[in-house]
Structures are given as structure tokens and as C-alpha cells.
Amino acid sequence: MAELDFSATEIMTVAASRLLKNGTVCFVGIGLPSTAANLARLTHAPDVVLIYESGPIGAKPTVLPLSIGDGDLALTADTVVSTPEIFRYWLQGGRIDVGFLGAAQVDRFANINTTVIGPYDDPKVRLPGAGGAPEIAAQAKEVFIVLKQSRKAFVDRLPFVTSAGFLDGGDAREKAGITGGGPTAVITDLGILTPDPVTRELTLTSVHPGVTVEQVREATGWDLKVSPDLKTTAIPDAEALTALRDLQARTAKAHGQDSSGGEG
Amino acid sequence: MALITPLREAVSSLVRDGDTVALEGFTHLIPHAAGHEIVRQARKDLTLVRMTPDLVYDQLIGMGCARKLIFSWGGNPGVGSLHRFRDAVEREWPHRLEIEEHSHAGMANAYVAGASNLPFALLRGYTGSDLPKVNPNIRFVECPFTGEKLAAIPSVRPDVTVIHAQKADRRGNVLLWGILGVQKEAVLAAQRSIVTVEEIVDDLEAPPNACVLPSWALSAVCHVPGGAYPSYAQGYSERDNRFYKDWDPVARSRDGFLAWMKRHVLDTGDFAEFRRVLAETSGPGTARQEGA
């Protein structure tokens, strides 16, 4: 994509941010989701309400938080409540429109793994674990997942389901008694995947400009279905790109490094 | 009433081998000084409880203080893996570490249940997750009124909880603000508690609904300015992000980690000396010290 004036990560972030409508109440994971959600707040969705699991409600950080408990989140929030209150009253209470999550791995039914690669009792790689994701994935009215696409990340079968997407597909999620609507979009650096309305299998519905369907298939660990109405993702507009780059420059200046993040 | 006492004495009298110990603080107000003191006093066989075991538990686990870890997210925030935690889980170094793994919602509810003197926490949780398959302490019960299936997990009831806070008054009443995490619940769920504070003042000047932990609900209050470092105390210090980043290469190798812990923790008398040594050596955090 060298001939275009934005990077794959930038179009992923902008595409993810566009999905967040103004006024939405969004439970935000740290890292890519936080970048996309704050970009939405700084561009088309000034009244989006950002909730972080550490307690800030209505956070309006001036730079991207490096950790989920950065002081800036508390200082810019409408209110800061305890972590039990966040999970009990605000998430379990049914007040979250969108859960915005990252993942180490997803499968074809948008289930998420952030726990282990390999067997649980003898892991090849021990990942950080669940954090808030299982209940966010289950209880938000809908869920966006943002992560870079590769065969290692998009696997046919997860070694561990940390957080439920559509489980085995079809109506498995509803039958399990999960109340929230589940994932409605998986946004990657190559395109956007959305669940089929009946089978719930992730289907490629949009490719980013300059990316071929073959590239996306190559980066997917199962036989990826492609929508007959496949679209090309709109290129990021200048306003969004500028806002994103300014935000990241401010963040780098404040933290002295990149803006990837974690929960602790 | 809480005793206002040096941290060394508080740890010596209140933290015992084999205890269940919770050091809480959600990125903010992490009681690092107390973690160091537990390492210095070489406590063993601890069951460590913490929602987000980050550097503070990487150090305790790597130094062999822990038998078991109860947690919901174990990483170096903003950086990546906790290498000592991973080495213990993946390769049983320095010895086997039993893990009991939850979600944040589960842990937060378990602390609330502990503080509420209930045997278990009840929540809508874990549905569809594989966590109940690997953690026998996640079970499901039926609501006696509606028949709904709900998750149940045992309360967290630590023998001792340790937190850091901004202020205490001279009677040992404690005020904290900013991101509060589960600190209040963790203290009230525990048999004993230690609070390290930035400063001790004549009057807390706390508004009526502020988060104040009364002296009579605490065991010990210790004056340890900067005791959350490299975490932060809102209104007093900034998080030293560089330390978290620099911790990664230190914790990657067993020898490098042990040498760092000897130089900075075992060979220092207290947290103030640790900060002085850190400022002089080339270890984590040296690039940004006071006022960073």
C-alpha cells in the first residue's frame, strides 16, 4: 500500500472508529480499541461516552492511555467509580451499547482467545488472560473486535475460548443464555468481517483499498467466505487522518513511546 | 485503631508465610514498596490475589514468594508479557505456581462478596468461556426465584490486604481518590490490612462522600512517600512509563532478574534507599526519576 498516503494500521483504526456512532455508550479495551474510540470522539462522535474498566465514565483523555488506569482518564471523566461498580451497575446493569475489544486470536464465529496458545496446563505461550472481556463480550448490546489479520491470529479452532462470540455458530450463543447481541464487526488491517445473519460465520464484507481478496484469504486460517456484495472500504478522510496522527504524536510525546497498551 | 508504624514492622507482624495476600491497586496506587518489603523479609508459600498482577507480582513470583496466584489479567501494561510470571507458568521457575484464573467481573464481585461476609459471589458471567472448564471454582447456580443460571465463585477473603493511598491523618484514617479499583473492597474483605500513604496530615479535609477508610477498620498505616512507584499517586506523582518498558529486558532473563532484585531490593534497607540506588544505577527507570 506504499502508493497510498495512509498505512494499513491507520485505515484499520479509522474504519473501526467510523463504526462508533455519536452518543453511543462504549466500554473500551486498551490499545487499538481505545485508539479507535478516541478517534471517533475527536471526529464524528463528540458525544460518545467512553467507559474504561478501571472506573472512569465519560473519559475524554487528551492523549491515548498507556495503561487502563492512567491518571488522564480519571481527570477527564464525568465521574470515576470503583471497578466493582463498573462491572455490576454499568455493564451487568445493561447500560453498554458497544463493547470495543482487541484479541490475540479469533475464530470463524468471532470467539476470542486471550488466555493461552497450546494446552492450558502446559501452555506454549501464556497470554495475559481474560481481563474484562468475557462479560463485556457477553453483556454489551453489540461488540466490535479490532486486531491485525494473520493466520496466527485468525485460526480455525481456538486453543481456548476466553470470551464468547457466536460459540459454534447459528443460535448457539442465544441457547447458552448470553444476553448481549455479540460481535457485529471484526475490523482488521486488511478489511472488515461481519457475521452471517444465520450461520454467524465471519464473512468478508469489505476489503481496504489496495488489498486483494486473495491476500485476506491468505491471512485467514480457515476457508474464508466472501460476501457477494463485497465492498471496498472508503479511504480515510483527511480530517480523520489528521486527527489520528495528531493524537498519536501527542501520545508519543507524553509517553515517550508508542501507544500500544494493556490492562493492568 | 490502626497503628502508625514503619513498613518493615507492619510487614513483619502482619504478613506471614502461607498467608493469602492481596496487593491491590488498578494501575494507580499499586503498593510497590510493600511488595519489596515482602521480598526482603523472604515470605514463602503465599497465595497472591490481584486482579492485574503486573510488575509487583512479577517480582514476588520471580523471587519465589508465591505458591498460588488468583488473578484475572497478568501482563506488563502498555509493554507486553510478565516474564517471571510466564516462566513460572510455562517452565515452573523458580518453582511450580498454581493458578486460579477469573475474569475482572468475577474478581471484582469476589472482593465485594468477601467484604460483605458472604461465602460466594453471584454474577452473570463466564457464559460460553472455557474458564469454567479449567477453574473448578467457577460454578453455576440456579436463581431460586426465576430459575436463571448464574455464575458463582468463592469470595476473596485475604488474610492480609495491602494498598497504597494518598493521605492519612494522625489517628490513621485514610483518604484515597482517583482510580480506586477494588481497594476498599479488598481491605474490608481481609482479616488484616496495611495501608502505605504519601503523607500524614492533621486533617484529611475529605468531602462527605470521599473514599475514607476509617482507622478502626485498618491494622497498620505506614508513611511511605512515593511508595507506589513506578505506579503513581494522583496529585503526588506521575506513572513512570519508562520503568515499565525497561522492566521487560530485566525480567526476561533469570540471572538478570535476580541480580537486579539483589542490587535494588535485597541489598537496600527500605524504599527510599531503593529509589536512591535506582537513580544511581543503570536499571529500569533511570532515564526518568523524580518529577518524571
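Student: Which residues is B:Asp87 in contact with, leaving aside its neighbours within four places in sequence?
Tutor: B:Glu92, B:Trp93 and B:Arg254. Contact means heavy atoms within 4.5 Å. This is a predicted model: local features need pLDDT of at least 70, side-chain atom pairs count only at pLDDT 80 or more, and totals for chains, interfaces and linings use all residues. Residues are numbered from 1 along each chain as written, chains are lettered from A in the order written, and side-chain values use heavy atoms, without hydrogens or water.

Student: Is B:Asp87 buried or exposed?
Tutor: B:Asp87 counts as buried because its relative accessibility is 2%; the cut-off is under 20% relative accessible area, with a 1.4 Å probe and protein chains only.

Student: New topic. How is chain B divided?
Tutor: Into domain 1 (3-101 + 157-280) and domain 2 (104-154). The bounds come from an automatic or database domain assignment.

Student: And how many residues does the contact take from each?
Tutor: Domain 1 of chain B gives 19 and domain 2 of chain B gives 13.

Student: What area is buried between them?
Tutor: About 1300 Å², with 64% from carbon and sulfur atoms. That is accessible area (1.4 Å probe) lost on putting the two parts together, summed over both.

Student: How many salt bridges between the domains?
Tutor: The count between domain 1 and domain 2 of chain B is 0. A salt bridge needs a Lys or Arg side-chain nitrogen within 4 Å of an Asp or Glu carboxyl oxygen.

Terms used
Buried < 20%, exposed > 50% of the residue type's maximum accessible area, 1.4 Å probe, protein only.
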